[in-house]
Amino acid sequence: MARRLADRGDLVAAARALVAAARGGSIEAMLELADALMQGRGVLPDGAAAIRWITAAAEAGNANAQARLGGLYANGLGRPPEEGEKGAAFHLPIDIGQARFWSEKAAQQGHVEAQVLLGWLLSRRSGADGDPVRAAEWYRRAAETGNHAAKVGLAMILANGDLGEKDPAGAVRLYEEAAAAGNPTAIYYLAMALLLGEGTAPDVERALATMKQAADLQVPGAQRALGVMYMRGQNLPRDGAQAETWLRRAAIKGDVDSMALLGDLHAGRLARVPSDVEAAQWYQAAADRNHAGAQMALGLAYVDGRGVPKDMFEAVRWFARSADAGFAPALFRLGICHLGGDGVPQDYAKAAGYFRRAADAGDADALYNLGVLHYHGHGLDKDEAQAMRLYVEAAERGSASAQFRVGRAHATGVGLPHDIGAALSWTRRAAQQGHVPAQVNLARMLLAGEQGGDPGVAIAEARAFLDRAATAGSGEAMSSMAELIAGHDGPAALETALAWARRAVEAGDPHGPQVVAALEARAFQGAVR
């Protein structure tokens, strides 16, 4: 009767009939009534009541209801109410335990889709408490029926080595089977395997064709992968327009990483028509979806006023959200903000706390900054020995600032043993990372002959590093370059040396005027003789 009434367009009467049938114990009526309540068809929308009817059907042993309930708990329904919000829509939070419970009930009755869902719910992709052995068992049972989604799930377990040793070749076989049947996800993972040569011989040409096939089938991961390859010039010609096309397609489908990458594309001036405003909009979209990197980037946009108004307080707010996710660069930046009182009150102790968290998350420069605070006794106990230990640890982790500081300590013998070899080694490592003062110091040590060996090699290396530092605007490097040219390139190069010295003066090097005076005196004496 409910169905006939619905066919005639009397949805209210149809809903009443479904209520009567559901109360009478009809499983079909319970599920159809749940649909009506979800969609507001003949009744007011009521998600809570819909869940109650689906649960009643599931408790009565209906496999379809059990599978549906498992899916609802796996994905959640609606959104949580915001603080102070009244009259919010119904929200069913994600509950992996309940999802596993109901999916297994359906899976045991042979419900193939529930078996696939249970495989995912038991895999490590759904949480640290996954059971990959049981996940693989359920995936296999579903795969034996020809289910291609199950083959993809099982392939991922094999590829990740969740059952012990990785089996990339076994994974590729399953991807091939599912891809041959047109499964878009399998096509994408097959493309990745061909690209990386995992479980099969690398085949870039076939990989790109397969990736394009997956992208055309609307797989966001494949669209993102093509966008990244065009953006970075990896396996495809660098093409900002193509990169933007593919990233935008994925972003529109809700792929958060693609939103953040679109922000990078515009901020890095790689888009077809670069726009700071559009960069900020994409960062905002990803940041609102809790992408920690985008939150950090949006904060930096507010610092510089790129695409958004300059607003240090708003910048700090986004840094804090990113830091809450444990993003090391944001923790470091918050430390810097508290150190200088930018957007927040100056607080050395809080700065130290953020630097410690950033260091624990792997940021070597944060460890160096902790050393600086210890050295000066700002927010931490004044302890120069502890500062030097932190400098050394940060240098070993790759901090260019720390490498420069350790190199200088070895060169002077203050804080560390005097060791010219170690000084050269650490200073060179910092210089190679682009640390400008290290480039200048290394050049000076090389010109002083502290490296030993062939002087010509040392002079050539010094010249190269001074050129890099001067290009970065270092007046000290310009003065040192002037002295190098005057001392090693002969009288004919004196005017070139003077030009470098005058550039140093313009760049504000306090030593520059002395170098200019000395070189002008030499030039004058040479003219008189």
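Colleague: Is Phe-355 buried or exposed?
Modeller: In this predicted model, buried means under 20% relative accessible area, exposed means over 50%, and partly exposed lies in between, with a 1.4 Å probe and protein chains only. Phe-355 has a relative accessibility of 0%, so Phe-355 counts as buried.

Colleague: What pLDDT do local features need in this predicted model?
Modeller: Residues are numbered from 1 along each chain as its sequence is written, and side-chain values use heavy atoms, with hydrogens and water left out. Because this is a predicted model, side-chain atom pairs count only at pLDDT 80 or more and totals for chains, interfaces and linings use all residues, whereas local features need a pLDDT of at least 70.

Colleague: How are the rings of Tyr-188 and Tyr-189 placed: stacked, edge-to-face or tilted?
Modeller: A search of the whole structure finds 5 aromatic pairs, where rings of Phe, Tyr and Trp (its six-membered ring) pair if their centres lie within 6.5 Å, planes under 30 degrees apart being stacked, over 60 edge-to-face and the rest tilted. The centres of the Tyr-188 and Tyr-189 rings are 5.1 Å apart and their planes are at 50°, so the pair is tilted.

Colleague: Which residue forms one aromatic cluster with Tyr-188 and Tyr-189?
Modeller: Tyr-188, with a relative accessibility of 14%, counts as buried, whereas Tyr-189, at 23%, counts as partly exposed. The residue that forms one aromatic cluster with Tyr-188 and Tyr-189 is Tyr-175.

Colleague: How many residues apart in sequence are the parts that Phe-332 and Phe-355 tie together?
Modeller: The rings of Phe-332 and Phe-355 have centres 5.6 Å apart and planes at 50°, so this pair is tilted. Helices (H or I, at least four residues) and strands (E, at least two) are DSSP runs numbered from the N terminus. Phe-332 lies in helix 19 (residues 328-340) and Phe-355 in helix 20 (residues 348-360), so the distance in sequence between the parts they tie together is 23 residues.

Colleague: How do helix 19 and helix 20 run relative to each other, roughly parallel or roughly antiparallel?
Modeller: Axes are lines fitted to C-alpha atoms, for helices over the stretch in contact, and angles run from 0 to 180 degrees between N-to-C directions; those under 35 degrees count as roughly parallel, over 145 as roughly antiparallel, 65 to 115 as roughly perpendicular and the rest as oblique. The axes of helix 19 and helix 20 come within 8 Å and cross at roughly 165°. That crossing makes helix 19, relative to helix 20, roughly antiparallel.

Colleague: What is the handedness of the crossing of helix 19 and helix 20, left-handed or right-handed?
Modeller: A crossing is left-handed if the near helix is turned anticlockwise from the far one by less than a right angle, and right-handed if clockwise. The crossing of helix 19 and helix 20 is left-handed.

Colleague: How many of the 11 residues of helix 7 are buried?
Modeller: The covering of the buried residues, by contact (heavy atoms within 4.5 Å), includes helix 5 (63-75), helix 6 (96-108), helix 8 (132-143) and helix 9 (148-160). Among the buried residues of helix 7 are Val-112, Gln-115 and Leu-122. Helix 7 (residues 112-122) is largely enclosed by the rest of the structure, because the buried count among its 11 residues is 9.

Colleague: At roughly what angle do the axes of helix 7 and helix 8 cross?
Modeller: The residues that meet include Val-116 and Trp-120 in helix 7 and Trp-138 and Tyr-139 in helix 8. The two helices, helix 7 and helix 8, are roughly antiparallel to each other, and their crossing is left-handed. Their axes come within 8 Å, and the crossing angle is roughly 160°.

Colleague: Over the ring of which residue does the charged end of Lys-382 sit?
Modeller: A charge sits over a ring if NZ of Lys or CZ of Arg is within 6 Å of the ring centre and within 35 degrees of the ring normal. The charged end of Arg-405 sits 5.7 Å from the centre of the ring of Tyr-375. For the charged end of Lys-382, the distance from the ring centre is 5.6 Å, and the ring is that of Tyr-375.

Colleague: What is the phi of Gln-218 near?
Modeller: Gln-218 is found in the loop between helix 12 (204-216) and helix 13 (220-232), and at 42% relative accessibility Gln-218 counts as partly exposed. Most residues other than glycine have a negative phi. The phi of Gln-218 is a positive value in a residue other than glycine, near 70°.
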